[in-house]
Amino acid sequence: MVANAEWLLVIGITALQFSVSRTQRENSVRDEPEKRPQSVRDLFKTGSCIPPPYRCPHPQMQFYLYTRTTQEKGELLNTLDNESLTNSKFNTKHPTKVVVHGFGGGRNLSPSTDMRKAYFTRGNYNIIIVDYGSLVKEPCLGQIEWAPRFASLCISQLIEYLQYHPVKAVPPERIHTIGYSVGAHILGLVANHISEGKLGRITGLDPTIFFYMGNNRSRDLDYTDALFVDILHTGAGILGQWGPNGHADFYVNGGSSQPGCAHDTIFQTLSCDHTKVTPYFIESINSRDGFWAGPCPNLFSYLIGWCEPKDTDYVLMGEHLTPNARGVFYVTTNAKPPYARGFPGKTRNLRSIRPYS
Ligand SMILES: *[C@@H]1O[C@H](CO)[C@@H](O)[C@H](O)[C@H]1NC(C)=O
Ligand SMILES: *[C@@H]1O[C@H](CO)[C@@H](O)[C@H](O)[C@H]1NC(C)=O
Ligand SMILES: [Ca+2]
């Protein structure tokens with residue numbers, strides 16, 4: 001079983017690798033070129049693993065604050081020093097987002113950069129990017145089971161730093177956290193360490209399947225981890241979890257494979273399904289049409305067109321989702337941007353709109 005899981009990890013990481021290096025090339029802001037593993041053997045090298053002591057804050061796990069006036073250059077927050085937040089551009093009047101990326105991500109890589117751009121196009125925010133790029137590096141397979149737990153401990157320290165700050169305090173209830181892939185899993189563990197209050201919202205972007213721990217809630221992302229947990233599924237069952245695990249779960253285009261994701265290799269296809277979730281979410285921040293999703297109890301009913309929700313049953317998936325949304329929702333997108341298809345007209349059921357254009 002363990003050997004099997006490791007094998008799966010290697011496949012998954014290799015698959016993710018493709019998409020990461022692809023998005024990296026597309027991104028102009030790249031001031032930290034990274035060496036990518038060239039072979040499977042490289043994945044087992046332990047050279048770049050996290051050095052002791054295993055204590056938070058850890059120098060390889062950094063919190064960068066971005067605001068509208070500091071979009072280009074993040075301010076490094078030091079959770080051991082209250083002055084650090086006091087002297088930063090953090091503004092308690094603005095909504096606060098804490099973003100945790102997946103494997104191989106980083107604050108200067110897509111999708112972190114694209115997400116910030118989208119939010120600052122919309123308005124004023126405090127966006128804190130959790131940069132642990134070198135902490136959960138791919139070669140550290142031996143630490144992979146353990147690293148998310150450690151990461152969640154350090155993130156809970158950040159949450160408490162904001163919560164008890166003498167000048168710029170923000171309670172966890174007013175914080176929206178967004179996690180992609182393993183980052184979604186990590187956010188599910190943060191709840192285990194918060195002693196007072198609860199995170200306001202966790203948005204899980206295709207939580208990775210690698211750490212799926214059966215039904216033990218304290219080891220994974222679930223609806224008890226925040227006042228509101230919404231989860232988008234795009235690579236469910238392969239690199240992503242099936243769920244449902246949140247208050248509201250969204251299965252995009254059926255939830256496990258995405259239009260425009262047929263590639264030459266199966267690795268590329270799988271990682272494309274998994275990574276497509278962030279462009280959907282990012283588009284939802286400023287989308288005029290919106291990703292209107294309708295409730296439907298399961299994939300089977302969705303596929304054969306049994307679900308015909310009332311107009312009032314539809315909810316907007318993504319950033320502007322109502323916190324009252326409960327249950328399982330399905331939504332169809334375009335294959336290319338803009339992905340959102342807007343509100344499905346009067347005479348439709350969920351599948352009656354042609355799936356992919
Ligand atoms: C920051 O201020 C709070 C509230 O005054 C205090 O409890 C905490 O110990 C301070 N943290 C640091 C790192 O000085
Ligand atoms: C769930 O996981 C936690 C943390 O690993 C463990 O302490 C607890 O015993 C587990 N609960 C069950 C029911 O297995
Ligand atoms: Ca949990």
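Colleague: Is helix 6 largely enclosed by the rest of the structure or exposed, and why?

Modeller: Helix 6 is largely enclosed by the rest of the structure, because 9 of its 9 residues are buried. A residue is buried if 20 or more other C-beta atoms lie within 10 Å of its own, exposed if 12 or fewer, and partly exposed in between, with C-beta atoms placed from the backbone. Please note that this is a predicted model, in which local features need pLDDT of at least 70 and side-chain atom pairs count only at pLDDT 80 or more, while totals for chains, interfaces and linings use all residues. Residues are numbered from 1 along each chain as its sequence is written, and chains are lettered from A and ligands numbered from 1 in the order in which they are written.

Colleague: What covers the buried residues of helix 6?

Modeller: The cover includes strand 3, helix 5 (147-163), strand 5 and strand 6. Helices (H or I, at least four residues) and strands (E, at least two) are DSSP runs, numbered from the N terminus. Among the buried residues of helix 6 are V182, H185 and L189.

Colleague: Which strands does helix 6 lie across?

Modeller: Helix 6 (residues 182-190) lies across strand 3 (96-100), strand 5 (175-180) and strand 6 (199-205), and runs at about 140 degrees to strand 5. Axes are lines fitted to C-alpha atoms, for helices over the stretch in contact, and angles run from 0 to 180 degrees between N-to-C directions.

Colleague: In what order do the strands of the sheet come?

Modeller: The sheet is open and has 11 strands in the order 2-1-4-3-5-6-7-8-11-9-10, with mixed pairing. Two strands pair if DSSP finds at least two bridges between them. Strand 2 (75-77) and strand 10 (315-317) are the edge strands, each pairing on one side only. On average, neighbouring strands of this sheet are turned by 30 degrees against each other, direction ignored.

Colleague: How many bridges pair strand 1 with strand 2?

Modeller: Strand 1 (residues 62-66) and strand 2 pair over 3 bridges, in the antiparallel sense. In this pair, F63 stands opposite L77 of strand 2.

Colleague: And strand 8, which strands do bridges join to it?

Modeller: Strand 7 (residues 226-233) is joined to strand 8 by 4 bridges, and the two run parallel. Strand 8 is also joined to strand 11 (residues 327-331) by 5 bridges, again running parallel. L232 stands opposite F250 in strand 8, and D249 stands opposite V328 in strand 11.

Colleague: Which way do the residues of strand 8 point?

Modeller: A248, F250 and V252 point one way, D249 and Y251 point the other way, and all are buried. With 5 of its 5 residues buried, strand 8 is therefore largely enclosed by the rest of the structure.

Colleague: Which non-glycine residues have a positive phi?

Modeller: D206 has a positive phi of about 45 degrees, and N253 has one of about 55 degrees. D206 is found in the loop between strand 6 and strand 7 and is buried, with 30 other C-beta atoms within 10 Å. N253 is found in the loop between strand 8 and helix 7 and counts as buried, with 25 C-beta neighbours inside 10 Å.

Colleague: Where are the cis peptide bonds?

Modeller: One runs from C56 to P57, with omega near -5 degrees, and another joins P337 and P338, with omega about -5 degrees. P57 lies in the loop between helix 2 (40-43) and strand 1, and P338 is in the segment after strand 11.

Colleague: Lastly, which residues are around ligand 1?

Modeller: They are L80, D81, N82, Y164 and P166, where a residue is near a molecule if its C-beta atom, placed from the backbone, lies within 6 Å of it.

Terms used: Contact = placed C-beta atoms within 7 Å.
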